[in-house]
Amino acid sequence: MATIRQGAAAELYQALVREGCERSGQRFEEMRESYLVFVLLRHQRDAHLLARTQALEWLHAQEQLGSVRADALRDVGDRCLLIAGLYPALAERRRVDTDYFIELGRGAYQGVAESSRAAYAALFEQLAASYRDLVRALRAIRGDHLRPLLSGRTAA
């Protein structure tokens with residue numbers, strides 16, 4: 001079991017992501033590691049994460065244009081990543097396989113890549129291609145030591 005950590009949320013998440021990579025036998029370059037930390041930070045207080053229907057969110061994103069569309073697809077991809085990696089039991093409760101969330105999220109990231117400019121497109125192309133690796137890293141850090149961070153509380 002991981003030791004209890006103290007520090008800023010970004011530092012804690014970075015340590016957890018590195019631990020997840022190590023446990024899953026992976027090594028992320030700075031871009032993927034940073035993005036995964038960003039996703040955890042951005043959604044740490046998302047009280048509605050598990051209540052949303054991601055397929056409906058994806059459909060809504062498809063109706064948007066430009067950067068609004070890219071941002072909405074990014075949000076779907078991020079949420080699917082968190083669900084597949086940290087909350088796989090949700091898929092079971094909804095009577096779908098975690099691959100449902102993986103493929104929906106990967107496709108959302110691919111949509112961001114296709115509708116964005118150069119550097120942003122390249123980032124999401126890489127994230128889409130390595131989506132399963134990101135999920136494996138999250139699954140490796142899943143557990144009791146992550147719950148306080150996801151609920152907005154830090155261990156003392």
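# Close-up views of a predicted model

The side chain of Asp-46 reaches the backbone nitrogen of Leu-49 at 3.1 Å, a polar contact (a pair of N or O atoms within 3.5 Å; within protein, one must be able to donate a hydrogen and the other to accept it, and residues adjacent in sequence count only if both atoms are side-chain atoms). Before the other views, please note that this is a predicted model, in which local features need pLDDT of at least 70 and side-chain atom pairs count only at pLDDT 80 or more, while totals for chains, interfaces and linings use all residues. Residues are numbered from 1 along each chain as its sequence is written, and side-chain values use heavy atoms, with hydrogens and water left out.

**View 1. Asp-46 sits in the loop between H2 and H3.** Helices are DSSP runs (H or I, at least four residues), numbered from the N terminus. Beyond its neighbours within four places in sequence, Asp-46 is in contact with Arg-52 and Arg-79, where contact means heavy atoms within 4.5 Å. Asp-46 counts as buried because its relative accessibility is 18%; buried means under 20% relative accessible area, exposed over 50% and partly exposed in between (1.4 Å probe, protein chains only).

**View 2. Helix H6 covers residues 98-114.** Its 17 residues should span 24 Å at 1.5 Å a residue, and the end C-alpha atoms are 24 Å apart, which agrees; the expected span is 1.5 Å times one less than the number of residues. At the N-terminal end, Asp-97 caps H6, with a side-chain oxygen 2.8 Å from the backbone nitrogen of Asp-99. The buried residues of H6 include Phe-101, Leu-104, Tyr-109 and Val-112. What do the buried residues of H6 pack against? Their partners are helices H2 (30-43), H3 (54-62), H4 (66-86), H5 (88-93), H7 (118-129) and H8 (131-141).

**View 3. Arg-95 lies in the loop between H5 and H6.** Its phi is near 60 degrees, a positive value in a residue other than glycine. With 78% relative accessibility, Arg-95 counts as exposed.

**View 4. Tyr-35 and Phe-38 form a tilted aromatic pair.** A pair of aromatic rings is described by the distance of the centres and the angle of the planes. Rings of Phe, Tyr and Trp (its six-membered ring) pair if their centres lie within 6.5 Å; planes under 30 degrees apart count as stacked, over 60 as edge-to-face and the rest as tilted. The structure holds seven such pairs. For Tyr-35 and Phe-38 the values are 5.6 Å centre to centre and 50 degrees between the planes. Both residues lie in helix H2, three residues apart, about one turn of the helix. Phe-38 is partly exposed at 37% relative accessibility, whereas Tyr-35 is buried at 7%.

**View 5. Tyr-35 also pairs with Tyr-109.** Their ring centres are 6.1 Å apart and their planes stand at 85 degrees, so the pair is edge-to-face. Because Tyr-35 lies in helix H2 and Tyr-109 in helix H6, the pair ties together parts that are 74 residues apart in sequence. Tyr-35, Phe-38, Tyr-109, Tyr-120, Phe-124 and Tyr-131 form one aromatic cluster.

**View 6. Cys-21 and Cys-80 are shown here.** Cys-21 counts as buried at 5% relative accessibility, and Cys-80 is buried at 0%. How many disulfides does a search of the whole structure find? The search finds zero, a disulfide being a pair of cysteine sulfur atoms within 2.5 Å.

Notes:
Helices (H or I, at least four residues) and strands (E, at least two) are DSSP runs, numbered from the N terminus.
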